Amino acid sequence: MGTQERERASWTRARLGRCGPPLDLLTACFDRHEYAPHAHDEFTVGVTVGGLEAIAYRGGRIVSGPGTIVVLEPGEMHTGGPAASDGYSYRALYAAPALLTDGTRGTGTGLPHFREPVLDDPELACALRRAHTEVSACPDPLEAESRLPWLLAALAHRHSTARADTGALPGAGGIALAVRDRLADELLAPPSLASLATDLGLSRYQLLRAFRTTMGIPPYAWLAQYRVTRARGLLEAGLRPAEVAGLVGFADQAHLTRWFRRVLGVTPAAYRNSVQDTGR
């Protein structure tokens with residue numbers, strides 16, 4: 001029974017922006033499963049979260065342990081299986097090459113090359129794992145597009161042959177304010193960052209860099225906080241949290257509650273009850 005319970009995997013497809021391209025995320029926990037030799041068209045980026053995984057790759061054998069990042073390049077044949085008797089668990093995403101080239105100055109061939117497939121970068125591994133877990137639980141398109149491409153660009157900048165495009169970005173403040181206003185105006189169905197970037201004559205990475213530099217947070221986090229502000233007014237007017245969630249653009253009441261607690265420290269129901277009590 002225990003072994004059967006450990007042989008499990010779940011697949012989530014997130015969209016990078018409304019109507020944007022898909023990005024697949026895998027959450028897996030295996031005691032015995034071994035992958036047959038195969039390759040992907042995308043970069044496979046994984047974070048090992050438990051146990052040891054052995055991977056046949058580039059004619060050798062690599063082993064990843066908890067907290068390490070594994071990067072397998074497109075077209076490279078590989079396998080995967082347990083390196084020890086207690087199995088292994090990991091989170092992986094499958095990223096189109098363009099997601100790692102955005103924000104770089106190129107490598108001649110156009111694709112970042114990772115000389116080392118197993119990377120020790122605890123800060124980035126933690127950020128990738130957290131983003132993977134939270135986007136898998138609630139694959140909000142704007143959140144996925146704000147977080148995952150940014151982290152993949154950071155991965156390429158830190159560990160591949162590509163170099164970051166760190167050139168000055170004139171008018172970053174104006175760019176951020178233009179994006180903020182569009183998100184506020186269309187909070188129920190926000191435009192993708194890719195479409196906003198095209199409208200502004202930028203790459204998505206440049207837009208994200210300008211917004212983060214000016215606002216201090218990524219676009220999805222700003223919009224979530226703006227939605228919380230709008231939700232407060234509706235709750236004070238007597239509407240119930242389940243009604244309010246849809247009216248301000250959250251996926252459901254759980255999504256509203258998660259952000260309401262992050263911003264205000266209490267649940268929407270507790271907030272509504274307190275302000276209604278005060279009113280009475």
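**Note on the sheet and the nonpolar cores**

1. In this predicted model, six strands make up an open sheet whose order is β1-β2-β9-β4-β7-β10, with antiparallel pairing.

2. Thr 27 lies opposite Arg 91 of β9.

3. A helix also belongs to the description of this region. Helix α3 (residues 122-137) lies across β1, β2, β4 (43-51), β7 (69-72) and β9. The helix runs at about 105° to β2.

4. The largest nonpolar core comprises 33 residues. Val 179, Leu 183, Phe 250, Leu 256, Trp 259 and Phe 260 have the most contacts inside this core. Two or more residues are given to the core by each of α5 (172-185), α6 (193-200), α7 (204-215), α8 (219-236), α9 (241-248) and α10 (253-264). Helix α8 supplies the largest share, eight residues.

5. Which residues are in contact with Val 179, leaving aside its neighbours within four places in sequence? They are Leu 196, Leu 200, Leu 207 and Phe 211.

6. As general background, nonpolar side chains in soluble globular proteins tend to be buried together.

Notes:
Residues numbered from 1 in each chain as written. Predicted model: local features only at pLDDT ≥ 70, side-chain atom pairs only at ≥ 80, totals over all residues. Heavy atoms only, no water. Core = buried A, V, L, I, M, F, W, Y, C linked by side-chain atoms within 4.5 Å. Buried < 20%, exposed > 50% of the residue type's maximum accessible area, 1.4 Å probe, protein only. Helix = DSSP H or I, 4+ residues; strand = E, 2+ residues; numbered from the N terminus. Contact = heavy atoms within 4.5 Å. Pairing = 2+ DSSP bridges. Axes fitted to C-alpha atoms, helices over the stretch in contact; angles between N-to-C directions.
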